[in-house]
Amino acid sequence: MSTLTLDAEALYAELRTGVRPLMRPDTLLLGVWSGGAWLAERLAADLGLAARPGVISSALHRDDFGARGLASGTDATKIPYAVDGAHILLLDDVLYTGRTIRAVINELFDFGRPASVTLAVLVDRGGRQLPIAAAYAAAKLALPASQKLALARGADGRFTFSIEGEVT
């Protein structure tokens with residue numbers, strides 16, 4: 001049995017470099033709760049952006065809302081800028097089926113109509129069920145559906161990945 005090791009800090013450095021060409025001077029960052037929000041927060045600081053990044057939740061627009069319901073209230077959407085006409089860089093840690101991103105875009109349009117939305121992720125793990133693609137992914141890999149790739153943030157702000165679930 002082999003063990004997959006992903007260096008989340010190295011992937012973050014790739015993401016930081018890779019999103020620069022996607023950004024305009026007026027681009028605003030919006031992170032998907034929770035891993036994407038961590039990425040947006042750190043990118044805003046590392047890139048010296050004046051505007052605070054926003055956080056967006058997929059909870060209210062998920063297609064499995066009936067089964068999942070609302071999780072704890074800690075993942076509420078908080079967008080500290082006007083969405084109408086904005087160029088938004090949407091950040092998430094892992095892109096998988098595309099359903100979370102679909103839900104997030106529905107949530108975003110509840111706040112207004114952005115001029116553009118560009119998606120960047122740390123890892124694209126394939127397995128898409130919807131026609132959604134990232135403009136930039138720091139890494140692409142395939143995992144069995146029984147496994148979940150989870151980003152964690154340490155007390156020092158450093159990122160790590162873990163793989164949860166059964167190997168099939």
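Reply:

The chain has four helices and seven strands. Helices (H or I, at least four residues) and strands (E, at least two) are DSSP runs, numbered from the N terminus. In sequence order they follow the pattern α-β-α-β-α-β-α-β-β-β-β. The model is predicted, so local features need pLDDT of at least 70 and side-chain atom pairs pLDDT 80 or more, while totals for chains, interfaces and linings use all residues. Residues are numbered from 1 along each chain as its sequence is written, and side-chain values use heavy atoms, without hydrogens or water.

Start with the approach to α2. The loop between β1 (27-32) and α2 holds Ser34. The peptide bond from Trp33 to Ser34 is cis, with omega near 0°.

Now the helix itself. α2 has twelve residues. From first to last C-alpha it reaches 16 Å, close to the 16 Å expected at 1.5 Å a residue. That expected span is 1.5 Å times one less than the number of residues. Gly48 follows α2 and has a positive phi, near 65°.

Next, burial. Buried means under 20% relative accessible area, exposed over 50%, and partly exposed in between (1.4 Å probe, protein chains only). The buried residues of α2 are Gly35, Gly36, Ala37, Trp38, Leu39, Ala40, Leu43 and Ala44. Across the chain of 168 residues, buried residues make up 45%.

Gly35, Gly36 and Leu39 are among the residues touched by Asp93. Contact means heavy atoms within 4.5 Å. Asp93 lies in strand β3. Leaving out residues up to four places away in sequence, Asp93 also touches Val121, Leu122, Val123 and Leu151. This aspartate is buried yet has no salt bridge. Its nearest side chain of opposite charge is Lys148, 8.1 Å away. For charge, Lys and Arg count as positive, Asp and Glu as negative, and His and the chain ends are not counted.

The charged side of the story runs through Arg42 and Asp46. A salt bridge is a side-chain nitrogen of Lys or Arg within 4 Å of a carboxyl oxygen of Asp or Glu. Arg42 makes one with Asp46, with the closest N and O atoms 3.9 Å apart. The two residues are separated by about one helical turn, because they are four residues apart in helix α2. An α-helix has 3.6 residues a turn, so residues three or four places apart point the same way. Asp46 is partly exposed because its relative accessible area is 38%.

This pair does not stand alone. Glu9, Arg16, Arg42, Asp46 and Arg158 are linked in a network of salt bridges. The structure holds seven salt bridges. Another joins Arg128 and Asp124, with the closest N and O atoms 2.8 Å apart. There, Asp124 is buried, at 11% relative accessible area, whereas Arg128 is partly exposed, at 27%.

Glu9 is buried in α1, along with Ala8, Leu11, Tyr12, Leu15, Gly18 and Val19. The buried residues of α1 pack against α2 (35-46). They also pack against β3 (87-95), β4 (116-124), β5 (136-140), β6 (147-153) and β7 (159-165).

Two of those partners, β6 and β7, pair in the antiparallel sense over seven bridges. Strands pair if DSSP finds at least two bridges between them. Ala152 has Thr160 in β7 as its bridge partner. The hairpin of β6 and β7 has five residues between the strands, and Gly157 there takes a positive phi near 90°.

Strand β4 includes Leu119. Leu119 is buried because its relative accessible area is 7%. Its contacts, beyond neighbours within four places in sequence, include Leu90, Leu95, Ile101 and Ile132. Leu119 and Leu89 are 30 residues apart in sequence and 6.0 Å apart in space, C-alpha to C-alpha. For the whole chain, 69% of the contacts with a separation of 6 or more join residues 24 or more positions apart.
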